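Reader: I would like to go through the terms used for this model and see what stands behind each one. Please set each value beside its definition.

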Amino acid sequence: MTRHGGQILADQLSLQGVRRVFSVPGESFLAALDGLHDSGIQNIVCRQEGGAAMMAEATAKLTGRPGVVFVTRGPGATNASAGLHIAMQDSTPVICFVGQIARHHRDREAFQEVDYRALFGGLVKWVAEVDQTDRLPEYIARAFSVAQSGRPGPVVLALPEDMLSDVADVPDRPEIVVPRPAVPDLTQVIDRLRVAERPLIVAGGPGWSVETANDLAIWADRHGLPVAVTFRRQDYIDNHSPAYVGDLNVGPNPKLMARLKDADLIVALGTRLGDIATGGYEVLDPVRDAPALIHIHPDAGELNRVWSADVAIQARAPDVIAALAARDDVLPGWHDIQATARADYEQWIQPKETPGAVKLEQVIEHLDATLPDDAVLTNGAGNYAAFLHRYYRWRRYGTQLAPTSGSMGYGFPAAIAASIERPGTPVICLAGDGCFQMTCNEMSTAIQHGATPVVIVANNGRYGTIRMHQERHYPGRVSGTDLANPDFAALSRAYGGQGWTVETQDEFAPALKAAMACGTVAVIELKLDPDMLTTGASLSDLAAAVAR
């Protein structure tokens, strides 16, 4: 059957199980939009390509399947790069289709012409340009395979507009089945654990599931193993489990970092054990330290890349964890160590009071106490996020969406994607005033497509994280970190949502209850004291410390 390229593309997406795509339309891929028209695939029309790519990335995290985004050539592609960078650092499968100039105009610097292989070469797993209409099924099948294989990540396919509008008679490709590395005999893992005195499990990386999180808790509880998770992977184990001892983040518990340093065996389950998890490569230094390490990762290229492992296993962490949980090994048991580490964690999450009439630590305490286990929480980047990571306790896998790349602006698009993917599930986005304004234009996307997240905006009138570093390095010399902000509640109402402004702590609980019941996107603006800075220090505390 003869079809134009846009129809061939849409048919391939359907065969690969795609139910939803995100896009900002452009004339460069009109044929693809035409192909989507009768495909049954939902097209979520966004307001900026960065937000669209972030929604696709968040959807991939929630579903375990590649997220798909369509953007136009030139500025559309460069805008999308923010979301693709998140997908790369977070090991998330995303496929980005980029409209391209007609093939016969190449190399003339035609309108919005970009060499996408050069632009995205160091940013994504694979980038290619499809020059022949009849090769679309081949390229799309390969894109789905590359995005999901080994260490998952983003793929970019550039689509010349004349190629998309051309016709071809070409057979479809079947749905991709990604091969999984086999789980080897785990005797060497058990033997190495058996002689360890101070083991620490570090969990992270791609491909997890509810079952994996449960298996990890079962296995760790059985043997008294302490489990730490990497940055923004806190839903990888029930935080109420006695095995959970905290997260290795940008503002970590010093006692947990000391435990990492002192461990005589680290079992890295799926994580790359990168710079955030290792305290900027200072708590563990790849040049000077040689930690005893069992490293389990699905991508051979990540094994022995930075750390030389005593035992290196190329396998998916979920498959290894399932195999370990099914074993009946007799191990020495480290319940005393686990209990001590757990006590350190519980002490760490006791809220420290911050200045002002609205206290962010109490906001997070209320969320922790009242939200259901399946509530999805999202955030971008900023000091406000440290309150969420420190004081909120995740109970179920698939309920945390946050960029390990530390990208601002992520939380709101991710919350929209979560609300669309899981209608009826409470979705709460935590955002700073600077973070939210990077993508708040997606408010109309939420209204158009019926998304109902609640956004809690922590408004302290500044880029707080940068101000913190500024005070440490250039005390008293404020430059480029203050913000002039809108009335965020009124902004939400202007888009067709609802909004509340919270100026005292007792106003928050009723505002949250009303926002969750309002049936549309909602914003709760927290008027924070400008002196409030971090979970552990105020601006005045920091200034005094620098002065000393």
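**Cavities, helix pairs and sheets**

Author: The structure holds 2 cavities of 30 Å³ or more. This is a predicted model, in which local features need pLDDT of at least 70 and side-chain atom pairs count only at pLDDT 80 or more, while totals for chains, interfaces and linings use all residues. Residues are numbered from 1 along each chain as its sequence is written, and side-chain values use heavy atoms, with hydrogens and water left out.

Reader: What makes a space a cavity?

Author: On a 1 Å grid over the protein atoms alone, a cavity is a set of points where a 1.4 Å probe fits but cannot get out. Grid points are joined across faces, edges and corners, and the volume is the space filled by probe spheres set on the points.

Reader: Which residues line the largest cavity closest to its centre?

Author: A lining residue has an atom within 4 Å of a point. For the largest cavity 13 residues qualify, and Gly246, Asp247, Asn253, Tyr345 and Trp348 are the closest to its centre. Strand E11 (244-248), helix H12 (335-348) and helix H14 (383-391) each give two or more residues to this lining, with E11 giving the most, 3 residues. Helices (H or I, at least four residues) and strands (E, at least two) are DSSP runs, numbered from the N terminus.

Reader: What lines the second largest cavity?

Author: Val245, Asn253, Lys255, Leu256, Arg259, Ala341 and Asp344 line the second largest cavity. Helix H10 (254-262) gives the most to this lining, with 3 residues.

Reader: How do you know how many of the lining residues are charged?

Author: Asp, Glu, Lys and Arg count as charged; Ala, Val, Leu, Ile, Met, Phe, Trp, Tyr, Cys and Pro count as nonpolar; the others, Gly among them, are polar. On that division the second largest cavity has 3 nonpolar, 1 polar and 3 charged lining residues. The lining of the largest cavity has 6 nonpolar, 5 polar and 2 charged.

Reader: Why is the crossing of H3 and H4 called right-handed?

Author: A crossing is right-handed if the near helix is turned clockwise from the far one by less than a right angle, and left-handed if anticlockwise. Helix H3 (residues 49-63) and helix H4 (residues 75-89) cross at roughly 35 degrees, their axes coming within 7 Å, and the crossing is right-handed. Axes are lines fitted to C-alpha atoms, for helices over the stretch in contact, and angles run from 0 to 180 degrees between N-to-C directions.

Reader: What makes the contact between these two helices?

Author: Contact means heavy atoms within 4.5 Å. Residues that make it include Glu49, Ala53 and Met54 of H3 and Pro75, Asn79 and Leu84 of H4. By class, this contact has 8 nonpolar, 4 polar and 2 charged residues.

Reader: At what angle do H1 and H6 pack?

Author: Helix H1 (residues 5-15) and helix H6 (residues 136-148) pack at about 35 degrees, with axes 10 Å apart. Their crossing is right-handed. Among the contact residues are Ile8 and Leu13 of H1 and Ile140 and Phe144 of H6. The contact divides into 7 nonpolar, 2 polar and no charged residues.

Reader: What makes two strands a pair?

Author: Two strands pair if DSSP finds at least two bridges between them. Alanine 431 stands opposite valine 457 in E18. Strand E2 (residues 20-23) and E3 pair in the parallel sense over 4 bridges, with serine 23 opposite valine 45 in E3.

Reader: Why do E3 and E6 stand at the edges?

Author: An open sheet of 6 strands runs in the order E3-E2-E4-E5-E7-E6, with parallel pairing. Strand E3 (42-45) and strand E6 (126-129) each have a single partner strand, so one side of each lacks a neighbour in the sheet.

Terms used
On a 1 Å grid over the protein atoms alone, a cavity is a set of points where a 1.4 Å probe fits but cannot get out, and a pocket is an open set with protein on both sides within 12 Å along at least five of seven lines; lining residues have an atom within 4 Å of a point.
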